[in-house]
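Here is a short report on helix packing, salt bridges and a surface patch. The structure comes next.

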Amino acid sequence: MVVEADPTESMENPSSGADDGVGKVVLIDYELSGPGYRGFDFYKLFRTADPAPQSHDNMVAFVRSYLHSSEAMGGESSSKTIDSDQVEQVLAEMKLFEPLTWLEAGIFFLFAAKGDPTQLDRWENLALDRLENYTASKVRFIANLEQFSKAQR
């Protein structure tokens, strides 16, 4: 996953100035990346058992930056304003993957317990926490699926 953002720009109106690389942040996370679905990879960045109120705002800012950067990499004008419907589509896609991100983490820690029995209690506690969050997130899945369907229209 590679995402580039300029923290000096307004997320609403990105500048179309020269790309001198100053102030740019490039995120390359091979360890956290999943099976290649952006919704899965992006949701893992924001997944938390107790989301803070600013979490949604952070996701929106991140998605706007991602869409802006991906359009610029595709040769489109970097001064193009990102449509809020585009942002909602990606957010809805991300939310669909919430249960899978918890399940993947739970399974990972179960395998870690098998591979490192010296820290068995630690790995089991982490696995249990992730699997409990997986169970809780399944309840939200239907609502997220409906949101995704609306965003696709």
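## A local salt bridge

Arg130 and Asp129 join their side chains in a salt bridge, 2.9 Å from N to O. The term stands for a side-chain nitrogen of Lys or Arg within 4 Å of a carboxyl oxygen of Asp or Glu. Arg130 is buried at 18% relative accessible area. Asp129 is partly exposed at 30%. Buried means under 20% relative accessible area, exposed over 50%, and partly exposed in between (1.4 Å probe, protein chains only).

This is a predicted model: local features need pLDDT of at least 70, side-chain atom pairs count only at pLDDT 80 or more, and totals for chains, interfaces and linings use all residues. Residues are numbered from 1 along each chain as its sequence is written, and side-chain values use heavy atoms, with hydrogens and water left out.

The structure holds four salt bridges. One of them pairs the side chains of Lys44 and Glu104, at 3.0 Å from N to O. This pair links distant parts of the chain: Lys44 lies in helix H1, Glu104 in helix H4, 60 residues apart. Helices are DSSP runs (H or I, at least four residues), numbered from the N terminus. Lys44 is buried, with 11% relative accessible area. Glu104 is partly exposed, at 31%.

Glu98 forms a salt bridge with Arg140. Their closest N and O atoms are 2.6 Å apart. Again the pair links distant parts of the chain, with Glu98 in helix H4 and Arg140 in helix H5, 42 residues apart. Glu98 is buried at 5% relative accessible area. Arg140 is partly exposed at 38%.

## How H1 meets H4

Helix H1 (residues 38-46) packs against helix H4 (residues 98-115) at an angle of about 70 degrees. Their axes are 9 Å apart. Axes are lines fitted to C-alpha atoms, for helices over the stretch in contact, and angles run from 0 to 180 degrees between N-to-C directions. H1 and H4 are therefore roughly perpendicular, a term for angles of 65 to 115 degrees.

On the H1 side, Phe40, Tyr43 and Lys44 make the contact. They meet Glu98, Leu100, Thr101 and Glu104 in H4. Contact means heavy atoms within 4.5 Å.

## A nonpolar surface patch

Which residues form a nonpolar patch on the surface? Phe141, Ile142 and Leu145 do, with about 240 Å² of accessible area together. Accessible areas come from the Shrake-Rupley method with a 1.4 Å probe; for residues, only the protein chains shown count as cover. Patch residues have over 30% relative accessible area and no salt bridge, and nonpolar side chains (Val, Leu, Ile, Met, Phe, Trp, Tyr) are joined within 5 Å, like charges within 9 Å.

Leu145 sits in helix H5 (residues 120-152). Leu145 counts as partly exposed, at 34% relative accessibility.

Terms used. Helices (H or I, at least four residues) and strands (E, at least two) are DSSP runs, numbered from the N terminus. Angles under 35 degrees count as roughly parallel, over 145 as roughly antiparallel, 65 to 115 as roughly perpendicular and the rest as oblique.
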